[in-house]
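Please look over the chain shown here, with its fold, its core and a few selected residues in mind.

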Amino acid sequence: WRLPRLSELYLLWLNRVSINQSKGFTSLGESSVTYWSATEGGTSDQAYAVTAAGQISLNAKTKTFSIRCVREVK
């Protein structure tokens with residue numbers, strides 16, 4: 001398990017309707033929740049996050065956001 005890259009996290013958001021219709025799965029949850037991605041940007045102390053509303057932002061790693069892990073299949 002690992003944090004998703006920004007592209008993977010945004011793909012979850014783009015497919016949220018289909019994911020939410022699948023039994024036992026939810027996409028990104030409530031509209032007030034923001035999720036970290038593993039994609040860093042700007043300086044080494046910043047990373048991208050995606051809100052449940054689909055907004056992408058670059059944030060200091062000291063902020064408190066939720067995580068959604070993805071499974072690495074090899």
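Predicted model: local features only at pLDDT ≥ 70, side-chain atom pairs only at ≥ 80, totals over all residues.

Residues are numbered from 1 along each chain as its sequence is written, and side-chain values use heavy atoms, with hydrogens and water left out.

**Overall fold**

The chain holds two helices and three strands. Their order from the N terminus is α-α-β-β-β. The radius of gyration, taken over C-alpha atoms, is 12 Å, close to the 11 Å that the globule rule gives for 74 residues, so the chain is as compact as a globular protein of that length. That rule is 2.2 Å times the number of residues to the power 0.38. Helices (H or I, at least four residues) and strands (E, at least two) are DSSP runs, numbered from the N terminus. Along the principal axes, the C-alpha atoms fill a box of roughly 40 × 35 × 15 Å.

Contact means heavy atoms within 4.5 Å. Among contacts with a separation of 6 or more, 44% join residues 24 or more positions apart.

**Surface and charge**

The accessible surface comes to about 5,100 Å². Carbon and sulfur atoms hold 53% of that surface. The areas come from the Shrake-Rupley method with a 1.4 Å probe. Of the 74 residues, 28% count as buried. Buried means under 20% relative accessible area, exposed over 50%, and partly exposed in between (1.4 Å probe, protein chains only).

The chain carries 9 positive and 5 negative side chains. The centres of the two sets lie 7 Å apart. Lys and Arg count as positive and Asp and Glu as negative, while His and the chain ends are not counted. Each charge is placed at NZ of Lys, CZ of Arg, CG of Asp or CD of Glu.

In soluble globular proteins, nonpolar side chains tend to be buried together. Here the largest nonpolar core has eight residues: L6, L9, W13, L28, V33, Y35, V50 and A52. Helix α1 (residues 6-14) gives the largest share, three residues. Such a core is a set of buried Ala, Val, Leu, Ile, Met, Phe, Trp, Tyr and Cys residues joined through side-chain atoms within 4.5 Å.

L6 is one of the core residues. Beyond four places in sequence, L6 touches S37, T39, Y48, V50 and I56.

**Selected residues**

T34 sits in strand β1 (residues 34-41). Leaving aside neighbours within four places in sequence, T34 is in contact with A49, V50, T51, F65 and S66. Q46 belongs to strand β2 (residues 43-51). Not counting residues up to four places away, Q46 touches E40, G41, L58, N59, A60 and K61.

K63 is found in the segment after β3 (56-60). C69 also lies in the segment after β3. With residues up to four places away set aside, C69 touches W1, R2 and P4.

The relative accessible areas of these four residues are listed here.

| Residue | Relative accessible area | Class |
|---|---|---|
| T34 | 14% | buried |
| Q46 | 23% | partly exposed |
| C69 | 41% | partly exposed |
| K63 | 44% | partly exposed |

Some C-alpha separations complete the picture. Q46 and A60 are 14 residues apart in sequence and 4.4 Å apart in space. C69 and R5, 64 residues apart along the chain, are separated by 10.0 Å. For K63 and L3, 60 residues apart, the separation is 16 Å.
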